[in-house]
Amino acid sequence: QQAEAQARLQAEKLHALQELSEHFERARQQLSAESKTGPQLAGRLYQAVTQCKAAGEQLQQWANWCAPLLPAGPSLLQQYLPGGASRLAQLQTQLERAEAVLFTAQGSGGDGTDKHWLQAFLQGLGTAWADLAAVEGLAGHRRAETSLLARSGLRDSEQAFAREAEAQPHSGLLGVVSQLFEVQNVGDEAVSRTLAGLLSTLTRRDLSSLLCRTYRAAQLVAQQARQRQLKLSYRNIPEQPYRRANSMGPPAMNGVPFAMYASQLLSPVVSDRLPDAQQRRELLRAFIITELRETIVVRSKNDAELYMQGLARMSGPKPRVVALDGFEVSSKGFSDRDDRRLNTSLGPAHFGVGQSEVVGWDRAMGSLASELRTVRGEIEKWRNTMALHTNAMEQLQQQALRQYGTTLPLPQQPSDGRTRKRARPPEPT
């Protein structure tokens, strides 16, 4: 009987220890599963940092591109950001450091049972928080920007017809020319409006025209307009677009600081939600390049003269060179008579001005600051959850040591594929 009692006691002890081990294993599995949450959160923040850094790079490139067109005074970046280019460079460096830390953190495959991994992970995030703190301070200071909306020059009934015709399935109508393109924003409202006026003058014959994909589509739209007794003008995408004005831009000449094809200063206005958005952009680019061909825009009359002097030394046909102040130089010479000067004021139909890169940068900064606040809060919750699982495992471990003098988990019993039977006390002899 004494042997039977000892065997039964031993079996109960083994059963209790096995239950402790199972609780320990469940806690360990929960901790291991929860360990993946931290790197996932780091990955979310990494994406926001990468997008913000790219927006900063675009902002710097845009500011450099705009600089030759702007009047003397504080630089473009200084107007939008205290400290200007040096402050932006400092921010980019901080973003790069945070990006590197988060890239490592999102790829770390640590297990929560490894306290060294968890400590290193949280320390790394701490350095990222420090670098990203500057973003939160700037994200709340949104820069106001005045936009110039396009005007079609059409009457309300004509504009309504254009919208209806465009909405018809397979109509082939892309829209009104003046509303299909926008002038690139140069960071100065007066210069941007002047540029809009100049480019609108260069395309004034077509600003109010309805642009169709093909000549046949234009005929069908014109027929519908006549049925409503509307007299409109129509254009179609050329079958053989002009291609000499390539995306590389015109050659540099005589140190002229700014020279760009007029077609490159106009961007297609296409919604990304459209299924054929990319095709539409390509069609619109082909149209505007064909319309403006090799017209080159420079800053001033003096720049126009210098540029044409450089072109004179080159063989082949010469492009048209126009300045922001309306003066024009052609292969026949310089035209500065008042009656030949191009109009740079805005008429009843004109292009609009697009948003500047500052808007995109502000948006990226705001998104990053918002994601930073969210992820930081989620990381704190995750850290507390990890601590709960860790504490549960430590308590189970201490209980096993105190009551049974062993550590968890118990060694796995070899399995032969059959159901394990519960230990039974031996039969009495």
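Strand 2 (residues 181-183) and strand 11 run parallel and are joined by 2 bridges; helices (H or I, at least four residues) and strands (E, at least two) are DSSP runs, numbered from the N terminus. The model is predicted, so local features need pLDDT of at least 70 and side-chain atom pairs count only at pLDDT 80 or more, while totals for chains, interfaces and linings use all residues. Residues are numbered from 1 along each chain as its sequence is written, and side-chain values use heavy atoms, with hydrogens and water left out.

**The sheet**
- V183 has V353 of strand 11 as its bridge partner.
- The open sheet is formed by 3 strands in the order 6-2-11, with mixed pairing (two strands pair if DSSP finds at least two bridges between them).
- Strand 6 (266-268) and strand 11 (352-353) each have a single partner strand, so one side of each is left without a neighbour in the sheet.

**Helices on the sheet**
- Helix 8 (residues 189-202) lies across strand 2, strand 6 and strand 11, and runs at about 135° to strand 2 (axes are lines fitted to C-alpha atoms, for helices over the stretch in contact, and angles run from 0 to 180 degrees between N-to-C directions).
- Helix 10 (residues 277-292) also packs on the sheet, where it touches strand 2 and strand 6 (contact means heavy atoms within 4.5 Å).
- Residues buried in helix 10 include L284, F287 and I288 (buried means under 20% relative accessible area, exposed over 50%, partly exposed in between, with a 1.4 Å probe and protein chains only).
- Just after helix 10, R293 has a positive phi of about 45°.

**Nonpolar cores**
- The largest nonpolar core has 91 residues, and L45, L132, F181, L199 and L368 have the most contacts inside it (such a core is a set of buried Ala, Val, Leu, Ile, Met, Phe, Trp, Tyr and Cys residues joined through side-chain atoms within 4.5 Å).
- Another core, of 14 residues, lies apart from it and has A162, L210, A225 and L230 among its members.
- Leaving out residues up to four places away in sequence, L132 touches L45, V49, L95, A98, L368 and L372.

- S157 is found in helix 6 (residues 156-167), and S157 is partly exposed, with a relative accessible area of 41%.
- From C-alpha to C-alpha, S157 and L230 are 8.5 Å apart in space, although 73 residues apart in sequence.
- Q159 is found in helix 6 too, and Q159 counts as buried at 12% relative accessibility.
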